[in-house]
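Colleague: I have a model open and would like to learn how to read it feature by feature. Could you walk me through it?

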Amino acid sequence: MSEWKAKRFWKTAEVDARDDGFAVRLDGRPVKTPAKAPLVVPTQDMARAIAAEWDAQEDVINPHSMPVTRAANAAIDKVRHQHSEVAQMLADYGDADLLCYRAASPVELIRRQSEAWDPLLDWAEATFGVRLRTVTGVMHAPQDEAALAALTGPVHKMDAFTLTAFHDLVSLSGSLVIGFAALTGHRPPEALWQLSRVDEQWQAELWGVDEQAAEQAALKESDFLAAKRFHDLSGAPRAWLRD
């Protein structure tokens, strides 16, 4: 038996302004999330992006080609209802942030890590008033509790749409600091992604490029950039960054 696949049944996708945000209608029928909740998003730009994704579908619907729709579904069906748990999971990355674990050798890799990551730690210190400590090696070294608390608070203040984007920005890069830097526009997302790949780039130079690993990295980069776009489309104010 062939696998059942959803097929296109509508002619036009349109944005519908509501009192609580913006929805998308397919031939007049409102789009709902997989959990059957109304798909209502905070900005017209995001709704337009979702409508464009639905309009771009051909005979068979391909959810993988609809990153804004998928992220909005996640924000509404999952993150909104598990906000505290998701926020804490992401905040915990600060205790094992990629930027804090440095190589013992060779000297060239040590230099590259320092040049790539120290400015980000400097920025985080200037922004949040605390500095994460760096260590040599890969063994876990707990961070100062006061520093972690200062970085945890802002995460819990994020709205569901911001937190949804933040989830991918942090989990894909392995860095709470890089996630913050992406949200605030401190550096272009493409540059931040490359900064998260210092170790992998070093290994590729030494041993050559692994095609399968390169393909996986490209998919992750695409998801990282999509998360940044989703955040920008949400138009979320940076209230989480203020006391």
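Colleague: Where is Ser171 placed?

Modeller: Ser171 sits in helix α6; helices (H or I, at least four residues) and strands (E, at least two) are DSSP runs, numbered from the N terminus. This is a predicted model, in which local features need pLDDT of at least 70 and side-chain atom pairs count only at pLDDT 80 or more, while totals for chains, interfaces and linings use all residues. Residues are numbered from 1 along each chain as its sequence is written, and side-chain values use heavy atoms, with hydrogens and water left out.

Colleague: Does Ser171 count as buried, partly exposed or exposed?

Modeller: Buried means under 20% relative accessible area, exposed over 50%, and partly exposed in between (1.4 Å probe, protein chains only). Ser171 has 28% relative accessibility, so it counts as partly exposed.

Colleague: Let's turn to α10. Why does its length agree with expectation?

Modeller: The expected span of a helix is 1.5 Å times one less than its number of residues. Helix α10 (residues 211-234) has 24 residues and should span 34 Å; its end C-alpha atoms are 35 Å apart, so the two agree.

Colleague: Which helices do the buried residues of α10 pack against?

Modeller: The buried residues include Ala217, Phe224, Phe230 and Leu233. Their packing partners are α1 (44-55), α2 (67-77), α6 (160-173), α7 (176-184) and α8 (189-195); contact means heavy atoms within 4.5 Å.

Colleague: How do α6 and α10 cross?

Modeller: Two packed helices are described by the angle between their axes and the distance between the axes. Axes are lines fitted to C-alpha atoms, for helices over the stretch in contact, and angles run from 0 to 180 degrees between N-to-C directions. For α6 and α10, the axes come within 9 Å and cross at roughly 155°. Angles under 35 degrees count as roughly parallel, over 145 as roughly antiparallel, 65 to 115 as roughly perpendicular and the rest as oblique, and α6 and α10 are therefore roughly antiparallel. Residues making this contact include Leu169 and Leu172 of α6 and Phe224 and His231 of α10.

Colleague: And what about α2 and α10?

Modeller: Their axes come within 10 Å and cross at roughly 70°, which means that α2 is roughly perpendicular to α10. Pro67, Val68, Ala71 and Ala72 of α2 meet Ala226, Arg229, Phe230 and Leu233 of α10.

Colleague: How many helices and strands does the protein have?

Modeller: There are 10 helices and six strands. The C-alpha trace spans about 60 × 45 × 30 Å along its principal axes, and buried residues make up 42% of the 243 residues.
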